[in-house]
Amino acid sequence: MSLGTHHSLQQARNHLLEHGTCPPGALDERLAQSWQRSLHAGLRPLGIEDMAGPVSNAHLQEMLHGNAELLAHARPVMDFLYGQIRGNHSMVVLADAQCTLLHTQGDRAFLNKAQRVALSRGASWHEAQRGTNAIGTAMAERMPLRVRGGEHFLEQNRFLHCSAAPIFSAQGEVAGVIDISGDQYASQSHALGLASTAARMIENSWLKARYPHLPRIHMHAQAEGLDTLAEGILVMTEDGFLVGANQEAMRLLRLHPADFFALRLEDRLQQRLGQLLRQPGEAPQALRLPNGRRLYLQIHHRPRAGGTTVAASAPATPAGPTAPAHAPADPLAALDTGDLQWRAATHKVRRILSKPIALLIQGESGVGKEVFARAAHDSGPRRGQPFVAINCAAIPEALIEAELFGYAPGAYTGAQKGGSPGRIREADGGTLFLDEIGDMPLALQTRLLRVLQERSVTPLGGSPVAVDFALISATHCPLDEAVEQGRFRRDLYYRINGFSVHLPPLRARGDFDALVERLLRQFGAPAGVGLGASLHQALRRHDWPGNLRQLASTLQTACALLEAHETHIDWHHLADDIVHRLRHGVALLQAGGLAPAQAAPAGMPGAAMPTRSLRSLSRSAVLQALQQCSGNISQAARQLGISRQTVYRHLRAVG
Ligand SMILES: Nc1ncnc2c1ncn2[C@@H]1O[C@H](COP(=O)(O)OP(=O)(O)OP(=O)(O)O)[C@@H](O)[C@H]1O
């Protein structure tokens, strides 16, 4: 790029203002486009009156907090960089992904000069704010570039010579910009190379630290290129799914942003990686890519203490006759009381636990979706990390956004003074469980989709913060129907439904006795205490619209009423309402699930199935319970043995 003379740049500027385009060849093509963008953003070369000032100190603190990782990796590099340019009327600048300056370091006299054009902490150098400038334009173009003197769109910035390079996150997003700005007459010949090198140093150090326990592959076309700044680096799960990569690795392996968390590296390399992964830290190994190119690879892997290392292509251990069905103390295994559908769900989920695949659990209310999700978390590689459960149906719509995404201090009236990180950030490193996801309002579905795509959360009034979590969602209603009816975003549905399992309703389970036995012990019934024969028969035949939740609460009450001298649980240990329902065979229909008509226990009065539709029966039962509980939803839900959401659902249906 040759530096246009002052005269030729002035002519180009006049042409732009008159015709809306730059004359061909007047300045670098990318800068010409940037001038046009600046003009379209409403900026004028001499107009500075509408320029936004720096953000408030409180807002800046929030931004620094949100960019803590970027800053931590950038600061030592900025020190190094400043060491190279000290005394050259220059400064080093770090900006975030919105081009707001987070940190500056430079010669005092030049810092003062820069301050006059707001090249200082807290100010935005986004192109739409300051016109063509190295920080904003490098961000817009996603590549290193320099802007010298009159190439700046605003006249007031003509004294500057700036070179900037974008800093890419582990998933190839621009996370910030590093810039060297100096006086246009001082020597800046190596500034662009220095800024680009600094960006790579920051990216590599950040990528290596971001996933300390996952396998990393370092690669270069020559063995000697390994361990240098020129190497490609990628991070993968222990099963070989791509998690992160630097720009060089993306170039070498032709990776795209959509490949993160979706591509299995063995598919791209057409090589089995198992052997390689078993030799971390050893001599470089040569590998031929499908396009014939040779690469040298070196593996770095430091599994979490107590964690297991699973090689990418290591064959699964066959479950021979002597192999135990499950590893000991396995929470998923502990929930297996013999039902075949439940067991199949457990087996399926176990296979995806260590993969970055979003799990969707479907099933009626109370079948144990949350219990299952917790067990999956505790059985997977993220056990010991947070499990954050959010019931999307239980949070008032107006509060969900702040609850999930958090907010900066003072973001809205009534917010906590210090701001809130939001529940999604609380799940960092662990699992986020979104219960009743079908009830999430559409606007929030869009924001959630963005979080899942970008793996970062933007609090209200704040800037994006990287998050890393496994996602498990649950729903009682068929989400595909909600998609067809336009109530649920199709793209979000595909994102959250990487893999789905259906948990059976209690009435369809084949392990009723084992479950009862488990619950009785769990609620403290002494060994040997079981159910009386006719009660046992009635409980087995009941429809259990509230599923496990209702059965568990019935047995919990019964255990509490059991006297020390009694040897079994019988009708008198149950609450009146459940006795009534068992005796009269009143079955509530769980929304989304059909209860087959069943006969009431032999010899019970009112054994005939009612002829009204089950849906209308369930509504009247809900209304009746509400009446008895003076409108108290929680109490009514408890009495009916169903969740509060189900009560609300019935009420909504009543209108
Ligand atoms: N496998 C199980 N063993 C024993 N009790 C269980 C089991 N699963 C669930 N429960 C009982 O059922 C209750 C409800 O379970 P959970 O909240 O997981 O259901 P859910 O399907 O998520 O319900 P909802 O759709 O209403 O949110 C639990 O609090 C527990 O008492």
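This is a predicted model: local features need pLDDT of at least 70, side-chain atom pairs count only at pLDDT 80 or more; totals for chains, interfaces and linings use all residues.

User: Which other residues have polar atoms by a ligand oxygen?
Analyst: K369 has a polar side-chain atom 2.7 Å from an oxygen atom of the ligand. With G368 the backbone is involved: one of its N or O atoms is 3.1 Å from a ligand oxygen.

User: How much of the ligand does the protein bury?
Analyst: The protein buries 86% of the 630 Å² that the ligand exposes when taken alone.

User: OK, zooming out. How many helices and strands does the chain have?
Analyst: You'll find 26 helices and 19 strands. The chain has 655 residues, and 51% of them count as buried. Its accessible surface is about 29400 Å², with 52% of that belonging to carbon and sulfur atoms.

User: What share of the contacts is between residues 24 or more positions apart?
Analyst: Among contacts with a separation of 6 or more, 63% are between residues 24 or more positions apart.

User: Let's talk strands. Why is β13 described as largely enclosed?
Analyst: Because 5 of the 5 residues of β13 (residues 431-435) are buried, the strand is largely enclosed by the rest of the structure. Both of its faces are covered, with T431, F433 and D435 on one side and L432 and L434 on the other.

User: Which strands pair with β13?
Analyst: β12 (residues 387-391) runs parallel to β13, and 5 bridges join them. V388 stands opposite L432 there. β16 (residues 470-475) also pairs with β13 in the parallel sense, over 4 bridges. In that pairing, T431 has A470 of β16 as its bridge partner.

User: What about β9, which of its residues are on the covered face and which on the uncovered one?
Analyst: Q285 and L287 make up the covered face of β9 (residues 285-288), while A286 and R288 are on the uncovered one.

User: And how does β9 pair with β10, parallel or antiparallel?
Analyst: Antiparallel, over 4 bridges, with β10 covering residues 294-300.

User: Switching to helices. Which residues of α21 are buried?
Analyst: In α21 (residues 533-541) they are L535, A538 and L539. They cover an arc of only 100° around the axis, so they sit on the same side of α21.

User: What do those buried residues pack against?
Analyst: Their partners are α20 (512-522), β18 (530-531), α22 (547-561), β19 (568-569) and α23 (576-584).

User: Now some loops. Where is T132, and is it buried or exposed?
Analyst: T132 lies in the loop between α6 (127-130) and α7 (134-141). T132 is buried, with a relative accessible area of 0%. Its side chain makes a polar contact of 2.6 Å with the side chain of S34. Leaving aside neighbours within four places in sequence, T132 is in contact with residues including L31, W35, V147 and F153.

User: And P504, where does that one lie?
Analyst: P504 is in the loop between β17 (499-502) and α20. P504 is buried too, with a relative accessible area of 1%. Not counting residues up to four places away in sequence, P504 touches D339, Q341, W342, V367 and R509.

User: How does P504 sit relative to G368? What separates their C-alpha atoms?
Analyst: P504 and G368 are 136 residues apart along the chain, and their C-alpha atoms are separated by 9.2 Å. G368 is one of the residues I mentioned with the ligand, through a backbone N or O atom.

User: Last one: what is S463 in contact with?
Analyst: Apart from neighbours within four places in sequence, S463 is in contact with M63, N67, D96, Q98, V457 and T458. S463 lies in the loop between β14 (456-457) and β15 (465-466), and S463 is buried at a relative accessible area of 7%.

Notes
Residues are numbered from 1 along each chain as its sequence is written. Side-chain values use heavy atoms; hydrogens and water are left out. Buried means under 20% relative accessible area, exposed over 50%, partly exposed in between (1.4 Å probe, protein chains only). Helices (H or I, at least four residues) and strands (E, at least two) are DSSP runs, numbered from the N terminus. The arc is that of the directions from the helix axis to the C-beta atoms. Contact means heavy atoms within 4.5 Å. Two strands pair if DSSP finds at least two bridges between them. A polar contact is a pair of N or O atoms within 3.5 Å; within protein, one must be able to donate a hydrogen and the other to accept it, and residues adjacent in sequence count only if both atoms are side-chain atoms. Accessible areas come from the Shrake-Rupley method with a 1.4 Å probe; for residues, only the protein chains shown count as cover.
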